Amino acid sequence: MKIGVTIFPGSNCDRDALHAVERMGAEPVELWHGDADLKGSDAVIVPGGFSYGDYLRPGAIARFANVMAPLEDFARSGGPILGVCNGFQVLTEAHLLPGALLRNTGMRFVCRRVRVRVESTETLWTSSCEPGEELTLPVAHNEGNYFADPATLAELEAEDRVVLRYMENPNGSANNIAGICSEGKNVVGIMPHPERVSDPVLGSEEGMRILRSVLAGARV
Amino acid sequence: MNIQETYSTLGLSDFEYDRILELLGRAPNYLELSLFSVMWSEHCGYKYSRPLLRRFPNSGPNVLQGPGENAGVVEVGDGWALAFKVESHNHPSAVEPYEGAATGVGGIIRDILAMGARPVALLDSLRFGLLDEGRNRYLFREVVRGIGGYGNAVGVPTVGGEVEFAPPYSGNPLVNAMCVGLIRTENLVRSRATGEGNLVVLLGSKTGRDGIHGATFASDELTEESESKRSNVQVGDPFAEKMLIECCLKLLEEGLLVSLQDLGAAGITSSASEMAAKGGVGIEIEADRVPLRESGMEPYEVVISESQERMLAVVEPDKADRVLDLAARYELVGAIIGRVAGHGELRVKSGGEIVGSVPAEHLAEAPVYERDVVRPSYFDEVQDLDLANILEPGDYNEVLLQMLAHPNLCSRRSIFEQYDHEVGADTVVLPGADAALMRIKGTKLGYAITTDGRGRHCYLDPRSGGAATVAEAYRNLSCVGARPVAITNCLNFGSPEKPEGYYQLAECIEGMAEACEALGTPVVSGNVSLYNETEKGSVYPTPVVGMVGVLEDVSRHATPAFKREGDIVVAIGKGWRTSLAGSEYLEIVHGKAAGRPPETDLAAEKEYSDLVRRLIADGLVDTAHDVSGGGEIVALTEMALAGGLGLHYEEVEAELLIDGDGGGRVDVGLFGENGISFLIAVPEEKWDELQRALSDVPYDSIACVGGDHIKIGDLIDVKLSELRKSYERDLFGAPGGAEVSH
């Protein structure tokens with residue numbers, strides 16, 4: 001399986017994601033922002049970082065990069081896409097996911113390990129998790145406060161599209177939302193970084209519960 | 001302005017001006033004078049410190065690059081090497097804390113990048129005045145924001161450091177940033193310019209008027225007018241730096257560069273003259289070809305501008321196109337601004353004319369000043385400590401809570417949670433341990449990093465303080481299981497032109513050098529920051545040591561946290577020279593910085609540290625912590641809080657602690673420092689094996705892990721939850737909440 005990782009100017013978790021893909025046993029593929037080509041990827045990770053320096057608004061400039069057009073086609077055709085942190089912000093700016101990520105209510109960058117609960121195992125990125133499973137995952141962001149209008153929030157809840165929920169909210173996120181998915185459940189955006197806990201030497205492999213799900217989905 | 005006023009304004013003395021006349025054989029023009037001004041500042045030229053720095057040992061079996069390059073480099077195994085350096089950004093941070101700290105981080109990252117290494121870890125060693133002053137709270141908050149704002153975006157994890165508060169740093173904070181880079185040994189690059197006709201390429205951001213004469217500014221005392229020099233502080237762009245990192249690594253990977261140098265203090269001048277002087281060649285810079293971000297800049301401004309996020313490379317002519325193409329791919333400005341010449345001069349051209357030309361070697365050779373080392377009289381007063389005048393407190397539960405809540409001892413969580421400490425996915429131990437611990441992907445290897453400073457100790461006794469600073473770093477690395485390899489240092493002192501400042505500098509260096517020799521950790525890079533003075537006086541003399549160590553198997557490491565109920569707690573090196581002199585207890589509870597701290601027994605430190613490291617490598621010990629500020633009881637409480645497990649001190653041991661170590665005084669026993677070196681914890685089934693391993697050193701089993709209290713005989717009995725409330729405080733909270741206790 002080929003898993004692409006997009007690289008925008010200012011992405012800084014791209015190398016971590018590529019390394020995690022290798023550990024998953026899949027083939028990592030670098031997707032340069034200037035090339036409108038997914039290079040035959042079977043799944044795509046939009047990694048964290050500060051694409052275009054987060055200037056203007058996190059993700060606001062990256063959505064216009066050349067690589068986004070084929071990515072949007074891929075999303076529409078049901079391809080699995082995972083946006084992590086800045087990647088989640090890029091996907092909301094590109095309207096592949098609803099809502100927006102606002103500044104943390106604490107007005108500070110927050111880097112810590114948080115407990116989250118897997119709320120939906122219907123997505124391609126959580127299919128290997130147990131419903132209600134609790135994971136400890138790192139967050140590191142300044143704008144992780146998920147916001148959507150009440151109707152959208154109600155829709156997300158009703159359609160089982162809240163993927164991860166914080167057990168202790170680090171950023172003021174609506175409904176304690178840590179991650180959501182698209183209507184088709186193939187596009188997932190999460191603030192926590194599963195790639196940072198994907199190696200026993202780093203003390204935890206819990207992130208692999210999420211990342212490896214996409215392999216299981218592919219085999220079905 | 002007459003000429004004397006001109007060169008005085010630029011920070012040059014009469015003597016130095018005469019020297020320039022002599023070297024050039026003519027009068028310099030303003031541009032040339034500016035070149036000398038920045039290159040002969042203490043910041044660039046080390047005028048006062050150079051003779052003293054020769055005292056440091058610089059070589060060792062693992063050293064690939066000692067001082068003289070952009071960073072020191074040591075070999076760590078499997079073909080890997082680490083490049084590292086610490087550097088100050090004190091003066092900029094005093095007047096513009098956010099950008100001052102941010103560009104400090106950016107600058108040290110480029111030093112590492114200039115060696116060809118990928119920057120992989122950052123640490124920050126910070127010192128401020130007390131938080132009850134609004135200005136200090138502002139400086140503290142903004143410095144931490146600046147470090148986070150830059151480091152988080154640039155994608156290099158901030159994995160450790162230290163923060164301390166004391167009155168002498170009021171208004172003159174110390175902001176020292178350390179960076180570590182990872183590189184294959186065969187890929188090391190140097191900054192030496194070679195090859196007449198090769199091109200000089202400027203990469204990165206455009207050049208503006210920011211930071212004109214910044215190095216000169218950094219080599220003067222801070223006054224009320226310093227605030228008006230905010231324009232001397234540069235503005236950082238971490239996004240450009242991130243692109244610069246990826247671009248330079250790509251250029252090196254493709255073998256496109258002859259040499260590489262970062263642009264820091266004094267901008268193009270400094271970089272080009274150093275590259276030329278090292279290569280024994282000349283460099284011609286065409287100021288008109290430097291891409292500018294504003295119009296109307298004079299040639300002298302162009303060549304001394306300290307605009308951030310720029311690097312200078314020497315490139316063979318046939319590779320220049322590919323270099324410029326790659327710069328564009330990474331959205332950077334790339335421009336050929338000059339060439340390597342045979343004449344040995346740093347020559348600046350503009351409009352087809354030579355507007356300045358100075359032999360590069362003269363710029364690189366600032367005059368050197370040696371002073372007599374005279375013991376200042378203040379020692380007579382501050383070293384005098386009569387414990388009879390120190391009243392013993394009545395309630396030690398209260399004292400412990402008070403100490404844990406103090407900004408010098410409380411949890412650093414509210415700081416390090418603002419830094420991304422996990423990006424890169426190499427951070428093995430999260431912040432809060434004795435040293436940061438990182439892995440090297442694809443190997444079993446790990447490396448540990450610590451920064452340490454002991455300003456108060458160095459003030460009370462510079463020589464023993466200097467030695468103790470190195471020893472503390474050595475202990476901290478050993479606690480996590482790493483073999484210390486080498487150090488970098490940042491020497492933060494007051495004016496060397498005053499006898500007191502020069503004495504402190506000379507003596508601290510002597511103490512550090514002795515410790516480096518005894519412990520086998522050479523100095524491979526460093527930075528000097530003098531003139532840390534305000535109208536109120538000098539900062540504490542504060543050499544900061546950044547030490548790097550190696551683990552053959554990174555999975556065999558230790559942390560301070562208690563891990564199991566029932567573990568036996570063992571003190572190693574117990575029972576010598578426990579003292580309140582210069583202790584945190586004396587400062588926090590009694591508001592005193594006094595006494596003469598005991599001298600470090602370097603041989604014993606080495607023996608115990610090496611032993612603890614072996615115990616960890618052998619898999620016998622996974623819980624270890626060194627005893628430092630706050631003494632034994634604070635160290636034990638830190639271990640308990642980190643692990644969420646309490647501790648029961650053996651009844652008879654509490655008596656021994658007070659009567660033996662404390663000489664009968666409870667506070668000396670509980671909170672005295674420089675007594676024991678290490679605390680470790682092992683399960684009962686490993687006790688026999690441990691005893692055999694410890695047969696050659698003094699040790700004692702003192703306590704048992706368990707419960708939810710800290711209980712020390714009948715002296716202390718507090719619930720962990722109560723201790724945690726004091727310890728886990730937000731240092732950025734409302735002024736009332738951040739009030740210090742005296």
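Colleague: How many helices and strands does chain B have?
Modeller: In this predicted model, chain B contains 27 helices and 28 strands. Its radius of gyration is 26 Å, close to the 27 Å that the globule rule gives for 742 residues, so chain B is as compact as a globular protein of that length.

Colleague: What does the C-alpha trace of chain B span along its principal axes?
Modeller: The trace of chain B spans about 85 × 55 × 45 Å.

Colleague: And what percentage of the residues in chain B is buried?
Modeller: Buried residues account for 62% of the 742 residues in chain B. Among contacts in chain B with a separation of 6 or more, 84% are between residues 24 or more positions apart.

Colleague: Which domains does the assignment give for chain B?
Modeller: The domain assignment gives domain 1 (25-361) and domain 2 (558-742). The C-alpha centres of these two domains of chain B lie 41 Å apart.

Colleague: Turning to strand E18 of chain B, why is it described as largely enclosed by the rest of the structure?
Modeller: Strand E18 of chain B covers residues 523-529, and seven of its seven residues are buried, so it is largely enclosed by the rest of the structure. To count as buried, a residue needs 20 or more other C-beta atoms within 10 Å of its own.

Colleague: In what sense does E17(B) pair with E18(B)?
Modeller: E17(B), residues 483-492, pairs with E18(B) in the parallel sense over six bridges. Within this pairing, Leu491(B) stands opposite Val528(B).

Colleague: A change of topic: how many residues does the contact take from chain A and from chain B?
Modeller: The contact takes 23 residues from chain A and 24 residues from chain B.

Colleague: Which elements of chain A give two or more residues to that side?
Modeller: They are helix H1 (14-24), strand E6 (110-118) and strand E7 (134-141) of chain A. E6(A) gives the most, with three residues. By type, the side of chain A that touches chain B has 12 nonpolar, five polar and six charged residues.

Colleague: Finally, how many helices and strands does chain A have?
Modeller: Chain A has six helices and 11 strands. Its radius of gyration is 15 Å, close to the 17 Å that the globule rule gives for 220 residues, so chain A is as compact as a globular protein of that length. The C-alpha trace of chain A spans about 40 × 35 × 35 Å along its principal axes, and 57% of its 220 residues count as buried.

Key
Residues are numbered from 1 along each chain as its sequence is written. Chains are lettered from A and ligands numbered from 1 in the order in which they are written. This is a predicted model: local features need pLDDT of at least 70, side-chain atom pairs count only at pLDDT 80 or more; totals for chains, interfaces and linings use all residues. Helices (H or I, at least four residues) and strands (E, at least two) are DSSP runs, numbered from the N terminus. The radius of gyration is taken over C-alpha atoms; the globule rule is 2.2 Å times the number of residues to the power 0.38. A residue is buried if 20 or more other C-beta atoms lie within 10 Å of its own, exposed if 12 or fewer, and partly exposed in between; C-beta atoms are placed from the backbone. Two residues are in contact if their C-beta atoms, placed from the backbone, lie within 7 Å. Two strands pair if DSSP finds at least two bridges between them. Ala, Val, Leu, Ile, Met, Phe, Trp, Tyr, Cys and Pro count as nonpolar, Asp, Glu, Lys and Arg as charged, and the others, Gly among them, as polar. Domain bounds come from an automatic or database domain assignment.
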